[in-house]
Amino acid sequence: MQTRQVSNGATVAGIILIVLGVVFFVATQGVFNLDWSNIWPIFPMLVGAGIIAMAFTADNPGARAGAVIGGTIPLLVGAFFFAVTMGAFQWGDMGTLWPVFPIIVGLAFVAGYFAGNREQLGLLWPAAIIGGIGVIFLIITATSVGYGIIAQLWPLVLIAAGVLMLIPRIWRTSRD
């Protein structure tokens, strides 16, 4: 008797179909007050989870890190929108909560760094810059502290980060 090995892709696809079936069944039955208007964020979450699951089949840490970054973003954006559709936040709060999106991108780079066996230290730069900017703006929009001054001066943070990233390159070039 010959056994056939099931590919990881088929496993992930099977799990996604099962989860979709459960979500659709729950939505059609009205359980937990779920309906189509508040479960739609499940779709980007499942796409992201599927990409992340597939990422761990990659042997190359760089490819794994890239796939995890690409999967973490729709997973977390979907989770954020799911929180909104379930009433944790209101759509009108987006004027205050928009910095969550750069924070999500920063977290995705951190996840990629760890998924890549902590070999790509360069992934922490965009994580710190993009995520840090998101955190700063979330504090500003949520508290209105120093909004006028910071709203005018925040590009200086980008300039400083760019200079810090170039200094090692300039230093190496001048030493060669």
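Helices (H or I, at least four residues) and strands (E, at least two) are taken here as DSSP runs, numbered from the N terminus. By that definition, the chain has nine helices and zero strands, in the order α-α-α-α-α-α-α-α-α along the sequence. This is a predicted model, in which local features need pLDDT of at least 70 and side-chain atom pairs count only at pLDDT 80 or more, while totals for chains, interfaces and linings use all residues. Residues are numbered from 1 along each chain as its sequence is written, and side-chain values use heavy atoms, with hydrogens and water left out.

**The chain as a whole**

- Of the 176 residues in the chain, 30% are buried, where buried means under 20% relative accessible area, exposed over 50%, and partly exposed in between (1.4 Å probe, protein chains only).
- The chain has an accessible surface of about 11,100 Å², and carbon and sulfur atoms hold 70% of that surface; such areas come from the Shrake-Rupley method with a 1.4 Å probe, and for residues only the protein chains shown count as cover.
- Among the contacts in the chain with a separation of 6 or more, 62% join residues 24 or more positions apart, a contact being heavy atoms within 4.5 Å.

**Nonpolar cores**

- A nonpolar core is a set of buried Ala, Val, Leu, Ile, Met, Phe, Trp, Tyr and Cys residues joined through side-chain atoms within 4.5 Å.
- The largest such core consists of eight residues, namely V77, F80, F81, V84, M94, L97, V100 and I104.
- Two or more residues of this core come from each of α4 (61-85), α5 (94-97) and α6 (100-115), and α4 gives the most, with four residues.
- Apart from this core lies another, of seven residues, including I69, A108, F109 and L123.
- V77, a member of the largest core, is in contact with F101 and I104 when its neighbours within four places in sequence are left aside.

**Packing of α4 against α6**

- The helices α4 and α6 pack at an angle of about 145°, and their axes are 8 Å apart; axes are lines fitted to C-alpha atoms, for helices over the stretch in contact, and angles run from 0 to 180 degrees between N-to-C directions.
- The crossing of α4 with α6 is right-handed, a term for the near helix being turned clockwise from the far one by less than a right angle, with anticlockwise giving left-handed.
- On the α4 side, the contact includes R64, A65, V68 and I69, and on the α6 side it includes V105, L107, A108 and F109.
- By class, this contact has 17 nonpolar, two polar and one charged residues; Ala, Val, Leu, Ile, Met, Phe, Trp, Tyr, Cys and Pro count as nonpolar, Asp, Glu, Lys and Arg as charged, and the others, Gly among them, as polar.

- Most residues other than glycine have a negative phi.
- N117 counts as partly exposed because its relative accessibility is 45%, whereas R118 counts as exposed because its value is 55%.

**Two further positions**

- V47 lies in helix α3 (residues 42-55) and is partly exposed, with a relative accessible area of 47%.
- P155 belongs to helix α9 (residues 155-175) and, at 32% relative accessibility, is partly exposed.
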